Amino acid sequence: MTSSRPAQSSGGSRTSSPGLAVAAVARRLGVAPATLRTWDRRYGLGPSGRTAGSHRRYTPDDVARLLVMRRLTLEGVAPVDAARAAVEAGDAELEVATRTAPALPTVRVEGDPESLEPEFAETFLGTVEAPTATSDDQDGDEPDAPGPPPGDEQPEEPRGRARLRALPGGATGGDAPVAAGPRAASSPAPTSGRVSALVDAALAYSRTACDNLLVLGPEGDPATWWTDLVEPAWLRLSERTVLAGPGEMPEVVLATSALRALRNYTEEFERAMVEAGGPPANHPSRMRKIVLVFAAPDEVVPLSAHALAAALAAQGSMARIVTGPASTHRSVELVTMVRPTAVVLATTQTKPDLDVVHAVNESYPDLPIFVGLRADAAATDLPFGPTVQRVRSFTGLLHEVLAVIKAR
C-alpha cells in the first residue's frame with residue numbers, strides 16, 4: 001500500500017523536533033525495528049524528518065500515526081486498513097492517540113547498547129517530544145539499512161507482535177488512558193499504567209517485557225504486587241478475545257513471568273533471611289507453622305495460590321502448594337504427614353468441588369481450613385463448623401491465615 005500523508009499542520013501541541021531514530025521508536029512502541037521498516041515499506045508509515053546529515057528521523061506526527069496503527073491492529077483491524085486509517089488520520093485523532101497511549105516498557109533488545117544498562121527504565125508512549133542530545137541521539141545516527149524482503153522478517157521474542165488480533169471483551173476490556181507528558185525514567189509508573197503495559201506485553205508475547213514489569217525485589221511486598229498489578233492485569237487479559245497462532249497464549253506468557261518473579265523473590269528473600277541469622281526454610285521452628293495450599297480438584301493451581309505462598313513467606317511463615325492429582329484420600333494423607341497449621345483451598349471456580357475440604361475437616365475437625373470463594377453460589381456447600389471459614393478476597397485470606405499462625 002502506498003499512500004500520501006496529509007500535509008502536517010503547523011499548529012497543535014506536537015512540537016517540531018529533530019525526531020527519533022528507528023531504534024528509539026521501536027523501543028518506545030515495544031516492537032522490533034524490522035516491524036517499523038516493514039510498515040514503512042508496505043504502508044508508507046516511515047520517518048518523514050531528516051537531520052543535517054540526511055539521516056531519516058521520526059517526527060512526533062510520525063510516532064502518533066504509528067500509535068494509531070498499533071492500537072487498531074491490537075483491536076483486530078487488518079494491517080492494511082489500520083495503516084490507511086493511520087496515514088489519513090487528522091490532527092485531532094493524532095492528538096488523541098498521543099494523549100491516550102498506554103505505558104509500555106522499554107524492551108531490552110539483544111545487541112542494542114542501551115539495552116545493557118543495569119537499570120530498566122520505563123518509557124511512556126505519550127512522551128513523543130524531541131529527546132535531548134544525550135539520550136535518544138545515542139541510538140545511532142546511521143541511515144536506516146534496507147529491511148529484509150516482505151515475509152522474511154523473523155519475529156524476535158522480546159519484541160514480536162506479529163499475527164496478533166485482539167478484541168476488547170466488554171466495556172472494561174480496554175486499556176485505561178494515561179496522561180501524556182514527559183516523565184522521569186526513575187519515577188515508577190502509575191499502577192494503571194503498569195497494568196496496561198503488562199497486558200500489552202502479554203498480548204505481544206514479550207516474555208522479556210513481562211519479566212521486567214513483574215520484577216519483585218527482596219524488599220517488595222508480594223501481596224501488594226498481586227492485588228495492584230498481577231491480578232488486575234490477569235482479569236483484564238481474560239476479557240480479551242485473541243486469535244493466536246500455534247504456541248501463542250498471552251495468559252501463559254503472563255503466568256510464566258509471574259511464577260518466575262515469585263520464585264526469584266522467594267529465593268532472594270530466603271537467602272537474605274539466612275544471611276541475617278534467621279532459620280532456613282527447613283528449620284523445625286518454621287516447619288511447625290507450615291500452611292498447605294490446595295487447588296480444587298480438576299483445577300490447575302491458580303496464580304493466586306503462588307502469590308499467597310510468597311506473601312506468607314514474606315511474613316516469615318512457610319507455605320507449600322499441592323500440585324498434581326490430589327484425591328480426597330491423598331489430601332488427608334498429606335495433612336497427616338505434614339501436620340500443617342492451616343489448610344487453604346485456592347480456587348477461581350464459581351462452584352468448585354469441595355470434597356477435599358469435607359474430607360480434611362472430617363479427619364481433622366480442629367484444623368483451620370480457609371476457602372477462597374468470591375461467589376456465593378458454593379458457600380452453602382461448605383462444611384458447617386467453627387474451623388471452616390469462607391474468605392472472599394486475597395487480602396482477607398492472607399490476614400486470616402496469618403492470624404491463625406501467630407496465635408499458635
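Student: Where is the place of Asp-298 in this chain?

Tutor: Asp-298 is found in the loop between β7 and α11. Please bear in mind throughout that the model is predicted.

Student: Why does Asp-298 count as exposed?

Tutor: Its relative accessibility is 84%. The word "exposed" requires over 50%, so Asp-298 counts as exposed at 84%. Asp-298 also has a positive phi of about 65°, although it is not a glycine.

Student: Why does Tyr-205 count as buried?

Tutor: The relative accessibility of Tyr-205 is 12%. "Buried" means under 20%, so at 12% Tyr-205 counts as buried. Tyr-205 lies in the loop between α6 and α7 (207-213). The phi of Tyr-205 is positive, at about 55°, although Tyr-205 is not a glycine. For the protein chain as a whole, 47% of the 408 residues count as buried.

Student: How many helices and strands does the protein chain have?

Tutor: The protein chain has 14 helices and 11 strands.

Student: At what angle do the axes of α1 and α2 cross, and why is α1 called roughly perpendicular to α2?

Tutor: The axes of helix α1 (residues 22-29) and helix α2 (residues 33-43) come within 8 Å and cross at roughly 105°. Angles of 65 to 115 degrees count as roughly perpendicular, and therefore α1 is roughly perpendicular to α2.

Student: Which residues of α1 and α2 meet?

Tutor: Val-22, Val-25 and Ala-26 in α1 meet Pro-33, Leu-36 and Arg-37 in α2. Sorted by class, this contact has five nonpolar residues, one charged residue and no polar residues.

Student: What makes the salt bridge of Arg-56 and Asp-40 qualify as one?

Tutor: The side chains of Arg-56 and Asp-40 meet at 3.0 Å, N to O. Arg-56 belongs to strand β2 (residues 56-57) and Asp-40 to helix α2, so the pair ties together parts that are 16 residues apart in sequence.

Student: Why does Arg-56 count as partly exposed?

Tutor: Its relative accessibility is 29%. Buried means under 20% and exposed means over 50%, with partly exposed in between, so Arg-56 at 29% counts as partly exposed.

Student: How many salt bridges does a search of the whole structure find?

Tutor: The search finds eight salt bridges. One of the pairs is Arg-70 with Asp-200, whose closest N and O atoms are 2.0 Å apart. Arg-70 sits in helix α3 (residues 60-74) and Asp-200 in helix α6 (residues 191-203), so this pair ties together parts that are 130 residues apart in sequence. Both Arg-70 and Asp-200 are buried.

Student: How far apart are the closest N and O atoms of Glu-231 and Arg-374?

Tutor: The closest N and O atoms of Glu-231 and Arg-374 are 2.6 Å apart, and the two residues form a salt bridge. This pair links distant parts of the chain, 143 residues apart: Glu-231 is in helix α8 (residues 222-238), and Arg-374 is in the loop between β10 (369-372) and β11.

Student: What makes Glu-231 buried, and what makes Arg-374 exposed?

Tutor: Glu-231 has a relative accessible area of 17%. Since buried means under 20%, Glu-231 is buried at 17%. Arg-374 has a relative accessible area of 56%. Since exposed means over 50%, Arg-374 is exposed at 56%. Elsewhere, salt bridges that share partners join Arg-207, Asp-211 and Arg-260 into one network.

Student: In what order do the five strands of the open sheet stand, and what makes β8 and β11 edge strands?

Tutor: The order is β8-β7-β9-β10-β11, with parallel pairing. The strands β8 (318-321) and β11 (388-391) are edge strands, for each pairs on one side only. From one strand to the next, the twist averages 20°.

Student: How do you know that β7 and β8 pair?

Tutor: Strand β7 (residues 290-295) and β8 share four bridges in the parallel sense. Leu-292 stands opposite Arg-320 in β8. Helix α11 (residues 303-314) packs on the sheet and touches β7, β8 and β9 (342-346), its direction making about 160° with that of β8. Helix α12 (residues 328-338) lies across β7 and β9 and runs at about 170° to β7.

Definitions and conventions. Residues numbered from 1 in each chain as written. Predicted model: local features only at pLDDT ≥ 70, side-chain atom pairs only at ≥ 80, totals over all residues. Heavy atoms only, no water. Axes fitted to C-alpha atoms, helices over the stretch in contact; angles between N-to-C directions. Helix = DSSP H or I, 4+ residues; strand = E, 2+ residues; numbered from the N terminus. Parallel < 35°, antiparallel > 145°, perpendicular 65-115°, else oblique. Contact = heavy atoms within 4.5 Å. Nonpolar A, V, L, I, M, F, W, Y, C, P; charged D, E, K, R; others polar. Pairing = 2+ DSSP bridges. Salt bridge = Lys/Arg side-chain N within 4 Å of Asp/Glu carboxyl O. Buried < 20%, exposed > 50% of the residue type's maximum accessible area, 1.4 Å probe, protein only.
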